[in-house]
Amino acid sequence: MFQPKKKRPRIRKTMSGLIALTLLSSLVLPGVAGAEPEEPTQVQFANVSVQAGQSVHVPVALKKSYFGVKAYNMQIDYDTSALEIVRITPKSINANTTSSNEEGVADFQYEINNAEGWVRIIWVDFSGGNNPIVDEQQMFDIEIKAKNNATLGTKQLSVDQTDSEHWHFTNVEHESYTQLSGGAITITAANSGGGNSGSTPNPGSSSGGSVSPTSPVVTPVPSTPAVTKGVDIYVNGQKQEQSASATTATVNNLVTTTIHVDNDKVINQIGSGLRTLLLPITGTGKDAVVGELNGKLVKTMEGSNAEVVIQTDSGTYTLPANQIQIDQVLNQFGSTVPLEDITIQIAIAPSAASKQSAIQAAANKMQNTTVVAAPVDFEVKAIWNGQQVNVDRFNSYVERSITLPEGVDGSKITTGVVLQPDGSLLHVPTKVIKGNGQDSAVINSLTNSTYALIYHPTTFSDVTSHWSRDDVQDLASRLIVQGTGENVFAPDRSITRAEFTAVLLRGLGLHSPISTEEASFTDVKTGSWYEDEVQTAVSYGLISGYADDSFRPNSEISRAEALTIVSRAMKLVGLAQADASETTSLLSTYSDSAKVQAWAAEPVASAIKQELVQGADGKLMSEADISRAQSAAIVKRLLAKAGLI
């Protein structure tokens, strides 16, 4: 059973029995036999975008069902010329992973075949429906990689829903037909490296990012004897026994577990085929965890576009090896230093009491704001010969997650925040993932920092009946947009160039420039509220100003100008833009397309392609001023389309 179109190797002896169980369970259902449900069970694959050579997560969620699902099986097919599955991670309740070569009966099983292009997944609630998967719950996560030589464009994850061995769901109360949506994987061009000419770096280039100058290493003395034991790590999902050791000691009243990877052993085991190096440490509670590997292994992983994952009870850090920027680190220490002598430490640790107090103080100054979970530090540093280099900026968004305390409802989180030097809290792109017993907040950022989670629900009296209500209040709750007065947003008021730039930067979580060279606009006044925002936007290549060296910060911004800035942001978040032929085709459907000036044609078409704008009454109105509500809607769609919120 559960047989693909091509030759099917057997997963293991118990899997066919589980598939039979999922099918037979549909024959004995409580309720009225033959009753036709009013609505189908709805399953959604996320639509995502990924650069060639990079990996992306595709959440698979149950959106609607009749009283929950107690069993399912599915086979997902994909194009092997462009995609490969890295791993499957169960997310729903009672989902214990069982890979294809383990023995014993389990309730969640999967098999990946990257040669033929399919993955098979089954899940059964052995309690008979007491622990079903319910509406709006993520069932599992697919980590999928776009191959280096993949043809750019959209590939589809597909399922043969006509074959019950490839697609079958058993509901608790009613047997219903099932609808599947999503699963589009948009592959964009890989970062080329080298950046732009001139002073403005390309935020997507592999040579960007930032490592700090070397500083002396201060090694505190442990207050308790260190305890060392062998631990297992995972390479491409396969357990590698005794390929690392873990040392636990108390330093400055903080229990710290350091995983020391056997670098040469891992390199010999993986050759050039490494995709994921997982270092899991559980049972440590809220203690600090440090993953430790050397520069030689990092360089090997960089060549394979691999990532290192530190997984702890308090959170997970997923770091692509190329974001460590080992060549820049090496230059800081001296180009003749052997890579194997450089130690790379990737840490997840509870924030110091002083930071926790500062974050709480900042929240207390804000109206209707609660700190939901204790702040967590994510750090990357390189050490050699008593010197240290901090890796604190990245070329693309790096994912880390914070596990919510037991009993904390993920819906009571509006965003993740970082603490600024001036004591304020600023938004970082955050989304909440439902988990098995505990939810997680996934944060994507271009920097390392201290992250906290807050609940800051915000409403405005003048958007209650406005079309933009959900977008405006969601972004306000995330600290991205602000009102114009007491409980007022003024949704239909136009927005200035400086205001739009600030909203976009806050949405992207860009809080400081990536270069020290100042913008040379003649009309950006020193000390103005927008000076830092303009400098930051210029450093990321988002704005360029006019031919007369002015920025015109207080001028109202047109739809074409706003979409041009958004189009540049699309590159930063990895969303595909329209090419020349698409531009012509996309614009031609609007009656006023001739009014779109040449410099704005591709940006406007790109926004249409990614469904950030739709026009109105068959018109683009590119020359019209954009409103505050429209700005909020576009920024939210950008972040959602990129999978950042």
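1. Let's start with Asp474, which sits in helix α6 (residues 469-477). Helices here are DSSP runs of H or I with at least four residues, strands are runs of E with at least two, and both are numbered from the N terminus. Please keep in mind that this is a predicted model, where local features need pLDDT of at least 70, side-chain atom pairs count only at pLDDT 80 or more, and totals for chains, interfaces and linings use all residues. Residues are numbered from 1 along each chain as its sequence is written, and side-chain values use heavy atoms, with hydrogens and water left out.

2. Which residues does Asp474 touch, leaving aside its neighbours within four places in sequence? They are Lys636 and Ile645, where contact means heavy atoms within 4.5 Å. With Lys636, the side chain of Asp474 also makes a side-chain polar contact, at 3.5 Å. A polar contact is a pair of N or O atoms within 3.5 Å; within protein, one must be able to donate a hydrogen and the other to accept it, and residues adjacent in sequence count only if both atoms are side-chain atoms.

3. Now for the whole protein: look for 12 helices and 30 strands. Of its 645 residues, 52% count as buried (under 20% relative accessible area; exposed is over 50% and partly exposed in between, with a 1.4 Å probe and protein chains only). Among contacts with a separation of 6 or more, 75% come from residues 24 or more positions apart.

4. Because 13 of the 15 residues are buried, α9 is largely enclosed by the rest of the structure. After α9 comes Gly574, with a positive phi near 80°.

5. Next, find helix α7 (residues 497-508) and helix α8 (residues 531-539), whose axes come within 9 Å and cross at roughly 65°. Axes are lines fitted to C-alpha atoms, for helices over the stretch in contact, and angles run from 0 to 180 degrees between N-to-C directions. Thr501, Ala502 and Leu505 of α7 meet Glu533, Thr536 and Ala537 of α8.

6. Finally, Gln360 lies in helix α5 (residues 353-365). Is Gln360 buried or partly exposed? Its relative accessibility is 35%, so Gln360 counts as partly exposed.
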